[in-house]
Amino acid sequence: QIAIRIDGLSKTYEGGKRALDNVSLSVPRGMIYGLLGPNGAGKSTLINILSGMVRKSGGRASIWGFDIDEHPRNAKASIGIVPQEIVFDPFFTPLETLEIVAGLYGVPKGKRRSMELLRAVGLEDKANAYARTLSGGMKRRLLVAKAMVHSPPIIVLDEPTAGVDIELRQQLWDYVRLLNRQGVTVVLTTHYLEEAEELCDRIAIINHGKVITDQPTRELVGMA
Ligand code: ADP
Ligand code: ADP
């Protein structure tokens with residue numbers, strides 16, 4: 001049972017930068033899977049191809065069994081993406097932000113679902129505050145809630161703890177673990193080995209657009 005299958009994926013940006021070079025990976029269902037690599041390795045490019053934000057140059061990818069070219073809408077509906085950059089309209093409240101997304105996905109009882117999610121990420125008190133008044137950490141939690149509105153079976157977090165303090169990092173990790181216990185497959189990118197080790201069942205290391213290794217965390221750590 002494969003959550004995400006990537007086969008010979010390549011990306012060359014305009015200008016000639018080869019960000020991904022024949023990458024193949026499988027993320028088994030039910031896992032917390034880490035994509036570890038230094039800045040510029042190609043992690044965001046990979047995530048952006050899965051989310052449909054970047055067009056691949058070659059190869060194939062499928063999400064929850066849906067090919068991203070042949071069934072893009074089903075593929076997209078199967079995944080919740082937490083982007084690295086903080087992106088939402090600063091003049092909407094967290095509750096409004098989630099309700100808009102719920103509306104886009106046709107989620108029934110959008111308001112109730114949105115409140116549930118705000119509670120889950122500890123933003124209940126901020127439900128009706130303007131999003132621009134939230135701290136960086138609160139915004140990041142709102143992004144996680146936003147990715148989960150349509151209850152996707154997979155959530156992908158791109159560098160979730162970049163620029164986040166230790167306390168908040170712990171909160172985010174706890175929430176990621178909780179989602180995983182509830183059956184959500186988790187993929188996260190990071191350039192912190194400790195983060196990957198602590199959270200992930202399996203780690204792929206990517207560098208210069210190539211997969212260097214892809215194995216259970218236990219084996220990887222045992223090697224070091
Ligand atoms: P990571 O997320 O691992 O830091 P990225 O996927 O962001 O890596 O970047 C991989 C490489 O592709 C880097 O050399 C980066 O500068 C380059 N790159 C990323 N986005 C673009 C783009 N839009 N145009 C040109 N080059 C890009
Ligand atoms: P990351 O932390 O993943 O490496 P960056 O901070 O390098 O991301 O890049 C942020 C944004 O800039 C991304 O949208 C990426 O696609 C874009 N980008 C990165 N490198 C380049 C590049 N060389 N040319 C154009 N856009 C780039």
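An oxygen atom of ligand 1 sits 2.9 Å from a polar backbone atom of Gly 42. The model is predicted, so local features need pLDDT of at least 70 and side-chain atom pairs count only at pLDDT 80 or more, while totals for chains, interfaces and linings use all residues. Residues are numbered from 1 along each chain as its sequence is written, ligands are numbered from 1 and chains lettered from A in the order in which they are written, and side-chain values use heavy atoms, without hydrogens and water.

**Ligand 1**

- A polar backbone atom of Ser 44 is 2.7 Å from an oxygen atom of ligand 1, and a polar side-chain atom of Thr 45 lies 2.6 Å from an oxygen atom of ligand 1.
- On its own, ligand 1 exposes 560 Å², and the protein buries 62% of that (areas by the Shrake-Rupley method with a 1.4 Å probe).
- The residues around ligand 1 include Tyr 13, Lys 17, Pro 38, Gly 42, Lys 43, Ser 44 and Thr 45 (near means a heavy atom within 4 Å).
- Helix H1, residues 43-50, gives the largest share of this shell, three residues (helices are DSSP runs of H or I with at least four residues, strands are runs of E with at least two, and both are numbered from the N terminus).
- The shell has four nonpolar, five polar and two charged residues (Ala, Val, Leu, Ile, Met, Phe, Trp, Tyr, Cys and Pro count as nonpolar; Asp, Glu, Lys and Arg as charged; the others, Gly among them, as polar).

**Largest pocket**

- The largest pocket has a volume of about 640 Å³ (a pocket is an open set of points, on a 1 Å grid over the protein atoms alone, where a 1.4 Å probe fits, with protein on both sides within 12 Å along at least five of seven lines; lining residues have an atom within 4 Å of a point).
- Its lining has 26 residues, and Lys 76, Ile 81, Pro 83, Val 87 and Lys 146 are the closest to its centre.
- H1, strand E6 (79-82), helix H3 (94-105) and helix H5 (136-148) each give two or more residues to the lining, and H3 gives the most, with five.
- By class, the lining of the largest pocket holds 14 nonpolar, seven polar and five charged residues.

**Second largest pocket**

- The second largest pocket holds about 200 Å³ of space.
- Among the residues that line the second largest pocket are Ile 49, Arg 55, Asp 69, Pro 72 and Lys 76.
- H1 and helix H2 (72-77) each supply at least two lining residues, and H2 gives the most, with three.
- The lining of the second largest pocket has six nonpolar, two polar and four charged residues.

Conventions: Polar contact = N/O pair within 3.5 Å; in protein donor to acceptor, adjacent residues only side chain to side chain. Points joined across faces, edges and corners; volume = space filled by probe spheres on them.
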